[in-house]
Amino acid sequence: MNPFDYIRTTDTADAVAVLTERPDAVFLAGGTNLVDHLKLGVTEPGLVVDINGLDLTDIEVLDDSGLRIGAMVRNSDAAADMRVRRDYPMLSRALLSGASGQLRNAASMGGNLLQRTRCVYFQDTSTPCNKREPGSGCSAIGGYTRYHAILGASQDCVATHPSDMAVALAALDATVVVLGPHGERRIPVDELHRLPGEQPERDTILEHGELITALELPPPRAGRSTYRKIRDRASYAFALVSVAATVDVDDSGPKPVIREAAIALGGVAHKPWRARAAEAVLRGAEPNEKTFLQAADAELAAAEPLEGNRFKVQMARGAITTVLTELTGGPESKLDDTTEDAHE
Amino acid sequence: MSDLLATSAIGTRQVRLDGPDKVRGRATYAYEHPVDDPLYLCPLLAMIARGRAATIDTSAAEAADGVVHVLTHENAPALQSTDDAELAILRSPEIGFRGQYLGAVIATTPEQARHAADLITVSYVQEDHDVELREDHPASRPPESGGGDVTVGDVDSALAEAAVSIDQRYSTPMEHNNPMEPHTTIARWDRGELTLWTSTQGVHPTRSTLAPILGLEPDQLRIVSPHVGGGFGSKGVPHADMMLAALAAKAVPGRPVKYAVTRQQMFSITGYRAPTLQHIRLGARADGTITAFAFDAVSMSSQTKEFPEEATKPARMMYAGDNRRLTQRVVPLDVPVPSWMRAPGEAPGMVGIEIAMDELAVASGIDPIELRVRNDPENDPDTGLPFNQRRLVDCLREGAERFGWDERSSQPRTRRDNGWLIGMGVASATYPAGRQPGSVARIRRTSDGYEVAIAAADLGTGTWTALTQVAADSLDVPIEQVELQIGDTDLPNATVAGGSTGLASWSAAVLAAAETFRREHGTDPASGAQSQGEAQANPAAEKFALHSFGAHFAEVRIHAATGEIRVNRMFGMFSAGRIVNPRTARSQFIGGMTMGLGMALHEKGELDPRFGHVVNHDLAEYHVPVNADVAEIEAAWLDEEDPQAGPLGARGIGEIGIVGAAAALANAAYNATGVRVRDLPLFGDAFLPR
Amino acid sequence: MDHPLNLTVDGQEHTLAVDPRTTLLDALRDRLGVMSPKKGCDHGQCGACTVLVDGRRLNSCLALALSHDAAAVTTSDGLATDGELSPLHRAFLEQDAFQCGYCTPGQVCSAAGMLQEAADDAPSVVTEDLEAPVDLTDEEIRERMSGNLCRCGAYVNIVAAVSQAAEESR
């Protein structure tokens, strides 16, 4: 661990100003990702600016009856907030799916969005990684890729974004409020994170010195929603695949019709993957198994899995259809029966 | 030796005597011994898997803040012996595996040591490495030690003639012990004498290994280890980390040097279970009687030092069969040195054997329990000796009853619940009932009781408590009158806590010491009266095949659409002789089964052949079970005592809990889904619709 | 450059100067000799270092010490009052909820923090009805205690111990 300087600030403008002046400075919020990376040598700042004293810890209802969550609200507090539990259960569940009770007590909302990939090669400074050291090469390609991307990856990087919360926020069409050297701007969560392309070192579109001050959720949507995480362990493990989905079904006609649907996938791409192709299939369709499979397949048609994560395409397909079945109150999935012969 | 000890404390559910300190965090583990003015060590690791470090530039590190010394092969203290290549570190620039020690920084604070180690630059001369295990590897050879091959009858003809046969390949991956307390040492040299406060499963065996290498007489090396934060074999023999701490401390005489191996470093320094490839062929008559049993196993070993993970070991004695062939091979590769991990040999071997038995049951249309009953041998197929107590069938039948085996459908994919497929599986367990000679106990009368001294180890096994119970009954006094002392080479010799031999071996010494004490001092001894006694080899070992047995039952659920696999419940029924402390024994059985759950579902070191190291080398990426993975696990045992085990009537229980557990889960997964997984672990991928 | 740091640990006040790189865990263990919290992985992946900071459970290995200037830290040792084991400690003993004991102080602190979270009706991911009061079933305890690894495999006994402590405090 390189030596670094440390200062604490209680003023957002001051925090931004300090970072703007110091290209080698970083913000420290909950620390659950940054301190890990300081120890691993993944990040080597000259100055750590502790923003835990910033007054960004409120959760308040907006004029449009949406919700504004301060960036320094801890993950556990956001998940336990009754307005979040009641109006955005998908977000609460996504938050509670992440990490552990202890880590959620420390992790901030802003920091959660900005956590970096869990790619083992990114975290290991003894192996090449374009994200950590641009131009050094991607070790994951041809290596251990169980937790890597099947959608939107590039020749230079196949990493995934590890956040559960961000997947729910993408499905919720949440907005990130950012304060930078040139003032405040608002960014849809879906546009905050980038695909790796030729610049995998950039996880987001944020510029150095920009500080997330809040998340804004649009007014609660009609319909049912949930977050489902598929992982190797029953808890305390990153997603292989996760699905955040909200579905609103119109039951008034002779046949039920999906009025609106929003789906985002986690564990499959460099960013929370908004499944717009699937949504397009669902919108206006009858909620049944065939529709759900079509929706999943429409989204996953673009999948380009690696040798070590080919299974994730089928796993995502199963996760999407299972979630949609649950949300539309359908009977137990019979998906397995259609493929029974394949097992024999 | 059929005179069993009369028991009073033994058999009671005594609460752990070290418990109050442990729940508060006041028990002193290696790193926590108070020492004055310590220095901190951070190692320098090889970043190639084979070749040499042409130059090691330590100048920047030496100039860094707080650095007291930088150690490399160029300035490392001499060793008396370099025969053990794992321990003879820093002798040359040669590199045998990635992650090998090339040096160390010793500094005033841990942060300074870590930073300075980063400032060292190494230029490598890299050679092609080979870390890939395969069955037909040209370097494959019989291990230097081990049981040797077995050939009885004519396996090939018997297979050809068999009414039912299976011919399958199984594999177990690289697995890592990962005790929660990392391997940790404080080393201090003082006037030519070395003290190691460390974490070990045997202070005396560790001293016997290290003292000659370091050129010390035994009384010049003291090793202290009263509490050990788990080991599961990895702390059974000393690894290179202890040597690095010792050599570093020698460079700064009088100053204690602290070294806690990091979690990441543990994946290359402190041993692991070597992966195995298992080719098993079984032939049977229509009634399920096995006529041919062929098991060809290959395990990974290291070019640096051989360690054979003998998967074929349990095949020697497990089932009957007139025609048998067992071969064990190792492939030495450019990888870290494998070592003991809970039930070496038995744990991986019983994965292949017990899944194969399940396959044979399916192929022959016989219930898997009944198949095992029909192949239960009268005598040990390996030695021909009678068994001490072979109660495998009792475990299977009693266990089946308690588990509710009759609820199982023999047809896969028939039980489902809300999208989940549910299945049940069974597997046998076995482990040798060993007892080692040579431990010595010293008993001394004090003003208010008896001091019982023996350098045994408690790595969570319950030694502090169970051995106190044994001592109390040996002396025929209440346990409150016994003050046990363990974990220090200043105490009399004790053999290693390994191979499930610890309590049996140390108890033999305590029993001998108590007998001598009473003979010499009577029942009303004067304060200060003292005697000692030594454990002898178990004479029954020459006349009997000494083993414990058990049966594992498991119920799993697998999501039909997502492949997720979760364990509903596990039940283990064991035959292990007399149980010294039912409270701690249950914990040990359950603990072994829980590790078996990890082996079945989660654990796999991902060795990247391009780099030569395990890339998922931490506890976020190498998954061991978490609380939520373990719904319901229960263990029970047959009420029995084993006269052939000696006067205590007890056999070791540290390892049998893991043996067979993974196979039971794999067999349950097959029963749930109809998908036969032969390569551990059982990731959900295997169960996805195709 | 070292910075001043004030910490109250198990009721005792300490003033020291630390390198900014020093974690809360290392400040406790290496600087103050407070050895109750353990180092198992040093990366927030095992929970052995769990302490209560101002009443909330945290991984002390992922916290810079300076971030917690003026904080009140409680370790498992500090949960004992006047040398007497707490009901939670006793439950761990009675249920044999540990073997080697190394993860145990972290488990105890985590359980203490978790019981408070449940008392505050904070849901977990296995809570069926997010808006209902928390019913601390075994499944809930398992999920909420999953941030603390136990390699000895004492989980079923840990659940029993936490359940016992929860019952007793009711």
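Contact is taken here as heavy atoms within 4.5 Å. By this criterion, 38 residues of chain C are in contact with 43 residues of chain A. The model is predicted: local features need pLDDT of at least 70, side-chain atom pairs count only at pLDDT 80 or more, and totals for chains, interfaces and linings use all residues. Residues are numbered from 1 along each chain as its sequence is written, chains are lettered from A and ligands numbered from 1 in the order in which they are written, and side-chain values use heavy atoms, with hydrogens and water left out.

Chain C and chain A bury about 3,200 Å² between them. Buried area is the accessible area (1.4 Å probe) that two parts lose on being put together, summed over both. Carbon and sulfur atoms give 52% of this area. On the side of chain C, the residues that lose the most area to chain A are C:Arg21, C:Leu62 and C:Leu130. Together they account for 21% of what that side buries.

The interface of chain C and chain A holds 2 salt bridges. A salt bridge is a side-chain nitrogen of Lys or Arg within 4 Å of a carboxyl oxygen of Asp or Glu. A:Lys39 pairs with C:Asp42 in a salt bridge, with the closest N and O atoms 2.7 Å apart.

Two or more residues of the side of chain C that touches chain A come from each of β4 (56-59) and α3 (104-119) of chain C. Helices (H or I, at least four residues) and strands (E, at least two) are DSSP runs, numbered from the N terminus. The largest share, 4 residues, is from β4(C). This side has 13 nonpolar, 15 polar and 10 charged residues. Ala, Val, Leu, Ile, Met, Phe, Trp, Tyr, Cys and Pro count as nonpolar, Asp, Glu, Lys and Arg as charged, and the others, Gly among them, as polar.

Between chain B and chain C, 58 residues of chain B are in contact with 50 residues of chain C. The buried area is about 4,400 Å², with 54% from carbon and sulfur atoms. B:Arg24, B:Met180 and B:Asn627 lose the most area in chain B, together 19% of what that side buries. This interface has 7 salt bridges. In one salt bridge, C:Arg151 meets B:Glu603 at 2.7 Å, N to O. Helix α13(B) gives the most to the side of chain B that touches chain C, with 9 residues. By class, that side has 27 nonpolar, 17 polar and 14 charged residues.

C:Asp42 also forms a salt bridge with B:Arg114, the closest N and O atoms being 3.7 Å apart. B:Arg114 lies in helix α3 of chain B and C:Asp42 in the loop between α1 (24-31) and β3 (50-53) of chain C, so the pair joins two chains. C:Asp42 is buried (under 20% relative accessible area; exposed is over 50%, partly exposed in between; 1.4 Å probe, protein chains only), at 10%. B:Arg114 is partly exposed, at 22%.

Within chain B, the domain assignment, automatic or from a database, gives domain 1 (19-27 + 435-537), domain 2 (33-128 + 178-269) and domain 3 (150-174 + 273-434 + 543-687). The C-alpha centres of domain 2 and domain 3 of chain B are 37 Å apart. Each of these two domains puts 21 residues into the contact. They bury about 1,900 Å² between them, 63% of it on carbon and sulfur atoms. B:Arg98, B:Phe232 and B:Phe267 supply 33% of the area that domain 2 buries against domain 3, more than any other three residues. The domain interface has 3 salt bridges. B:Asp84 and B:Lys305 meet in a salt bridge at 3.0 Å, N to O.

B:Arg569 is found in strand β23 (residues 565-575) of chain B. B:Arg569 is buried, with a relative accessible area of 17%. Its side chain reaches the backbone oxygen of B:Phe403 at 3.0 Å.

Methods
A polar contact is a pair of N or O atoms within 3.5 Å; within protein, one must be able to donate a hydrogen and the other to accept it, and residues adjacent in sequence count only if both atoms are side-chain atoms.
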